[in-house]
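Q: Could we go through this model together, please? Start with whichever residue you like, and I will follow up as we go.

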Amino acid sequence: MDRIVDLDEAAAVLAERAAGWRSAGLEVGQVTWRDAEASWAQPLETDRAEVRDPDSVGVAISGPREAELLVVLFRGGWADVDFIVGSLDEAVALPASGITSASDFGARMDQWVARVLEVGGSAG
């Protein structure tokens, strides 16, 4: 997989925004990492030091109306972005490709958080 996005930089973007999201009343889960070198099925790690060759970084954020935003960014420049409002019957996937950098990812996170969790702006 091509290395288009530096996942350590992307994790820093998440960390910069987490305090603001929390102050807006959102719950921000621990960042998770997946190691490309790990055997299948690759476990998710919360300790970056346990991951030698990260191929994804993810976070779950929840807020009002039982809304939850689940984002997994892959170093190849795309993300799995899913959100749930109320029940699994209301789960939706958002398109997320062509991510070119950690700052691009941060701008998209701001949009996704605003859309799903109704919290505006970068909170960092």
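## Working through the model

A: E66 is exposed, with a relative accessible area of 63% (exposed means over 50%, buried under 20% and partly exposed in between, using a 1.4 Å probe and protein chains only). The model is predicted, so local features need pLDDT of at least 70 and side-chain atom pairs count only at pLDDT 80 or more, while totals for chains, interfaces and linings use all residues. Residues are numbered from 1 along each chain as its sequence is written, and side-chain values use heavy atoms, leaving out hydrogens and water.

Q: Where does E66 lie?
A: E66 lies in the loop between β4 and β5. Helices (H or I, at least four residues) and strands (E, at least two) are DSSP runs numbered from the N terminus.

Q: What about the phi of E66?
A: The phi of E66 is near 55°, which is a positive value in a residue other than glycine. R65 also has a positive phi, of about 60°, although R65 is not a glycine.

Q: And where is R65 found?
A: R65 is found in the loop between β4 (54-62) and β5. R65 is partly exposed, with a relative accessible area of 40%.

Q: On to R75, then: is it buried or exposed?
A: R75 is buried, with a relative accessible area of 7%. Its place is the loop between β5 (67-74) and β6 (78-85).

Q: What does the side chain of R75 reach?
A: The side chain of R75 reaches the backbone oxygen of P54 at 3.0 Å.

Q: Changing topic: which residues does the cis peptide bond at W40 join?
A: The cis peptide bond joins W40 and A41, with omega about -10°. A41 lies in the loop between β2 (32-35) and β3 (44-45).

Q: How many helices and strands are there in the protein?
A: There are two helices and seven strands. Along the sequence, the protein reads α-β-β-β-β-β-β-β-α. The radius of gyration is 14 Å, close to the 14 Å that the globule rule gives for 124 residues, so the protein is as compact as a globular protein of that length. That radius is taken over C-alpha atoms, and the rule is 2.2 Å times the number of residues to the power 0.38.

Q: What box do the C-alpha atoms fill?
A: Taken along the principal axes, the C-alpha atoms fill a box of roughly 40 × 30 × 25 Å. Of the 124 residues of the protein, 43% count as buried.

Q: What share of the contacts comes from residues 24 or more positions apart?
A: Such pairs account for 47% of the contacts with a separation of 6 or more (contact means heavy atoms within 4.5 Å).

Q: Now A96: which residues does it touch?
A: Not counting residues up to four places away in sequence, A96 touches W78, A79, V81, R108 and W112. A96 counts as buried, at 8% relative accessibility, and is placed in the loop between β7 (92-94) and α2 (102-117). A96 and Q111 are 15 residues apart in sequence, and their C-alpha atoms are 11 Å apart in space.

Q: And R108, where does it lie?
A: R108 lies in helix α2 and counts as buried, at 19% relative accessibility. Leaving aside neighbours within four places in sequence, R108 is in contact with A96, S97, G98 and I99.

Technical notes. A polar contact is a pair of N or O atoms within 3.5 Å; within protein, one must be able to donate a hydrogen and the other to accept it, and residues adjacent in sequence count only if both atoms are side-chain atoms.
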